[in-house]
Amino acid sequence: MPPLDLTADEVLTTTRAARRRLDVDRPVERALIEECLRLATQAPAGRNRQRWDFVLVTDPAKRAALADLYRLGLTRPRQQVVRDGVDRGDPGRGRRIAESAQHLFDHLHEVPVLLVPSIRVQGRHENASHVGQANTWGSVLPAVWQFMLAARSRGLGTAWTTPHLHYEREAAELLSIPYETVLQAALIPAAHTIGTDFRPGPRTDVDEIAHWDSW
């Protein structure tokens with residue numbers, strides 16, 4: 001599939017979290033996903049070690065089981081997730097986001113491709129410190145975002161989700177991922193979008209977030 005006629009700036013400003021606009025009835029060609037992955041692996045990685053791995057889940061039974069773990073993570077989380085603190089989002093959009101999230105909750109198992117980006121480690125102790133976490137996630141998240149940008153430019157929609165990580169060990173067993181030496185980073189649904197006319201989202205003005213030389 002040829003890329004959409006989008007500039008780099010348009011791709012960067014219109015790669016939205018797609019939930020309701022994922023076309024669950026249209027198959028996604030394996031070659032198209034592999035094309036996005038080739039672009040993803042051009043992302044920078046710490047010391048160029050390229051410790052990333054990408055598990056692509058297309059089997060209907062495994063998609064359904066993985067979607068169930070995602071739902072469990074939302075309805076029966078195993079860890080407390082702090083939700084207080086800074087929130088620069090538009091309060092008026094809260095209902096729309098909730099409805100969009102509910103749609104994904106109901107239909108995740110129908111999405112043709114579920115991507116589980118992961119990173120290899122010597123052991124889970126590597127993430128015990130803040131520095132260790134920064135080193136680890138900084139060596140895989142740029143590649144995942146690059147995959148999502150490549151997907152957008154080719155008419156695919158994606159969304160970054162993490163609730164299934166409450167049941168990461170169960171997901172590892174389901175997908176035969178070595179739990180002790182491979183960390184899962186997210187669960188990314190990928191599908192063709194219903195329409196391609198995404199727009200930039202509302203964001204905080206740069207003057208409010210830029211701190212020059214000191215806070």
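Hi everyone, let's start at Glu180, which is partly exposed, with a relative accessible area of 45%; here buried means under 20% relative accessible area, exposed over 50%, and partly exposed in between, with a 1.4 Å probe and protein chains only. Before going on: this is a predicted model, where local features need pLDDT of at least 70 and side-chain atom pairs count only at pLDDT 80 or more, while totals for chains, interfaces and linings use all residues. Residues are numbered from 1 along each chain as its sequence is written, and side-chain values use heavy atoms, leaving out hydrogens and water.

So what does Glu180 form with Arg169? That's a salt bridge, with the closest N and O atoms 3.9 Å apart; the term means a side-chain nitrogen of Lys or Arg within 4 Å of a carboxyl oxygen of Asp or Glu. Arg169 is partly exposed too, at 41%.

By that rule, the count comes to ten salt bridges. One of them joins the side chains of Arg21 and Asp197, at 2.7 Å from N to O. This pair is 176 residues apart, with Arg21 in the loop between helix H1 (8–14) and helix H2 (30–40), and Asp197 in the loop between strand E5 (188–192) and helix H8 (206–209). Helices (H or I, at least four residues) and strands (E, at least two) are DSSP runs, numbered from the N terminus. Arg21 is partly exposed at 27%, whereas Asp197 is exposed at 57%.

Last one: Asp53 and Arg120 form a salt bridge, their closest N and O atoms 2.6 Å apart. Asp53 sits in strand E1 (residues 52–57) and Arg120 in strand E2 (residues 113–120), 67 residues apart. Thanks, folks!
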